[in-house]
Amino acid sequence: MGSLLEELFPGPAQGVHWELERMEEFLSATGDPQQTYPCIHVGGTNGKGSVGSMVSAVLSHGDHSVGLYTSPHLCSFRERFQVDGIPIPENELGALVEEFRSEIHRHGLTFFEAATGLAFHFFQKRGVDVAVIEVGLGGRLDATNVVVPLLTAITNITKDHSEYLGETLPEIAREKAGIIKGGVPFITTESDEEILDILKSTCVRVGAPFLSVRPDLESLDLEIEEDHTAFTISTATWGVLRIRTPLVGVHQAINGALSIALLELLPSRFLPTRTNLLEGMAGVRWPGRAQLEYFEGQTWIFDIAHNTAGARALASVLERLDLPRPIVLLIAVLGDKDWRSMLPPLFRRADHVVLTQTFSAPVKRRWDPATAAREAASPLAEISFDFKEALARVRNLAGSGTIVVTGSTHTVGDALQVLDLAAFSDSEIRVSQT
């Protein structure tokens with residue numbers, strides 16, 4: 001897979017270019033595949049991948065062929081392109097690259113634009129009934145924003161990627177609201193009133209129906225265990241449901257409520273039965289999100305928490321679960337993230353912390369664990385710059401306790417590969433877009 005990606009992206013594969021013109025021209029030149037099947041478009045700061053995986057799992061369970069496009073990947077580039085929960089086979093990806101390489105280069109697509117274009121063509125070739133498309137970065141000028149979907153959703157909006165989206169929440173909200181389209185129902189679980197006003201006003205301006213899903217946590221009757229989250233929700237279509245999902249955490253109950261609201265608004269041909277809904281939610285797989293594994297006598301939790309909201313959500317999970325002590329954290333964060341805000345909520349749940357550097361993180365985006373340790377000024381923290389040595393260190397510190405691996409998709413993906421726990425793995429170069 002490495003040579004294939006190197007051939008497709010022979011130069012620097014980094015960069016974000018804020019325009020849709022290249023993407024639109026590429027798609028027009030190659031048949032506009034994204035117009036040949038209905039889509040559901042999901043944006044937001046955190047949780048959009050979880051919502052996409054839930055929606056696609058339920059629809060697949062209902063005997064629909066469902067494409068799911070997500071980013072970034074944990075261990076394999078192929079994870080980004082799934083049909084009915086199965087990543088694209090390497091030979092199919094290779095054939096797509098061969099077919100569209102010249103047009104990708106002719107239009108000067110970035111890495112993420114090229115991946116998005118390949119996804120649209122893959123879903124067309126597979127003849128999917130519907131595709132769930134996750135926004136990559138922002139919304140208004142994101143490469144995925146060429147679709148005209150059946151439904152649009154935004155999970156939540158917090159500070160992230162400020163260098164591209166703006167320094168304030170209202171600025172970020174306006175960028176993310178750019179996926180809202182006239183006549184297309186829009187749903188959100190955002191709870192901040194200022195942000196909601198921006199989303200509402202955008203819907204009014206473009207003529208999109210607006211729906212806010214704000215579940216009361218007490219009414220959900222939450223049950224959070226190591227292997228599942230369960231919650232109760234009332235719906236107009238299926239009545240009162242007791243939902244069980246293997247995705248763990250309060251935030252996953254909120255993501256589940258948004259997913260169910262999306263499913264309930266679908267046209268009748270896609271509307272799942274009660275049984276398909278319950279079984280689909282129970283069968284969803286979304287690795288790297290409070291993923292719990294028992295490995296060689298130790299409890300492991302892998303979570304990609306890559307911003308402050310994600311770190312707080314992980315801290316909430318650690319607080320709710322009765323995990324074997326000591327709890328030892330292995331943390332590596334990208335340097336352009338607000339790690340100063342991310343570390344405190346995680347440190348408060350730990351007995352020991354090892355700060356390290358992942359080997360797959362792009363050089364220009366790497367953080368300095370020594371600076372982080374110095375600023376944290378915590379007796380819990382130590383530094384191990386070599387990732388494999390850091391893994392060995394946390395295993396030694398934890399004994400029969402719990403190891404939490406977190407900080408970015410690179411941190412989790414690298415750990416899963418080293419431990420041979422990856423669901424899908426390729427010997428490939430690692431290229432990061434978001």
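Pro72 sits in the loop between strands β2 (66-69) and β3 (81-83). Helices and strands here are DSSP runs numbered from the N terminus, a helix (H or I) having at least four residues and a strand (E) at least two. The bond joining Ser71 to Pro72 is a cis peptide bond, with omega about -10°. This is a predicted model, in which local features need pLDDT of at least 70 and side-chain atom pairs count only at pLDDT 80 or more, while totals for chains, interfaces and linings use all residues. Residues are numbered from 1 along each chain as its sequence is written, and side-chain values use heavy atoms, with hydrogens and water left out.

Another cis peptide bond joins Arg325 and Pro326, where omega is about 0°. Pro326 belongs to the loop between α11 (308-320) and β14 (327-331).

I turn next to backbone angles. Asp84 is not a glycine, yet its phi is positive, about 55°. Asp84 is placed in the loop between β3 and β4 (86-87). Asp221 is in the loop between β8 (210-212) and β9 (223-225), and with a relative accessible area of 48% Asp221 is partly exposed.

Phe100, in helix α4 (residues 90-106), has a relative accessible area of 5% and is therefore buried. Which residues does Phe100 contact, leaving aside its neighbours within four places in sequence? They are Phe26, Thr30, Leu118, His121 and Lys125, where contact means heavy atoms within 4.5 Å. Gly182 is 82 residues from Phe100 in sequence, and their C-alpha atoms are 31 Å apart in space.

Now to the strands. In a regular strand, side chains alternate between the two faces of the sheet. Strand β6 (residues 151-154) is covered on both faces: Leu151 and Ala153 are buried on one side, and Thr152 and Ile154 are buried on the other. Strand β1 (residues 39-43) runs parallel to β6 and is joined to it by 4 bridges; two strands pair if DSSP finds at least two bridges between them. Within this pairing, Gly43 stands opposite Ile154 of β6. Strand β7 (residues 186-188) is also parallel to β6, with 3 bridges between them, and Ile187 in β7 is the bridge partner of Ala153.

A further sheet is open and has 3 strands in the order β9-β10-β11, with antiparallel pairing. Which strands stand at its edges? They are β9 and β11 (239-245); each has a single partner strand, so one side of each is left without a neighbour in the sheet. From one strand to the next, the twist averages 20°. These angles run from 0 to 180 degrees between N-to-C directions, and axes are lines fitted to C-alpha atoms, for helices over the stretch in contact. The antiparallel pairing of β9 with strand β10 (residues 228-235) extends over 3 bridges, and Glu225 stands opposite His228 in β10. Helix α9 (residues 250-264) packs on this sheet and touches β9, β10 and β11, its direction making about 40° with that of β10.

Finally, the helix pairs. Two packed helices are described by the angle between their axes and the distance between the axes. The axes of α12 (residues 339-347) and α13 (residues 369-376) come within 11 Å and cross at roughly 60°. The two helices are therefore oblique to each other: angles under 35 degrees count as roughly parallel, over 145 as roughly antiparallel, 65 to 115 as roughly perpendicular, and the rest as oblique. The contact involves Trp339, Arg340, Leu343 and Phe347 of α12, together with Thr371, Ala372, Glu375 and Ala376 of α13. These residues divide into 5 nonpolar, 1 polar and 2 charged. Ala, Val, Leu, Ile, Met, Phe, Trp, Tyr, Cys and Pro count as nonpolar, Asp, Glu, Lys and Arg as charged, and the others, Gly among them, as polar.

For α7 (residues 169-176) and α8 (residues 193-206), the axes come within 10 Å and cross at roughly 30°. Leu169, Pro170, Ala173 and Arg174 of α7 meet Glu194, Ile195 and Ile198 of α8 in this contact. The residues here divide into 5 nonpolar, no polar and 2 charged.

Key: Buried means under 20% relative accessible area, exposed over 50%, partly exposed in between (1.4 Å probe, protein chains only).
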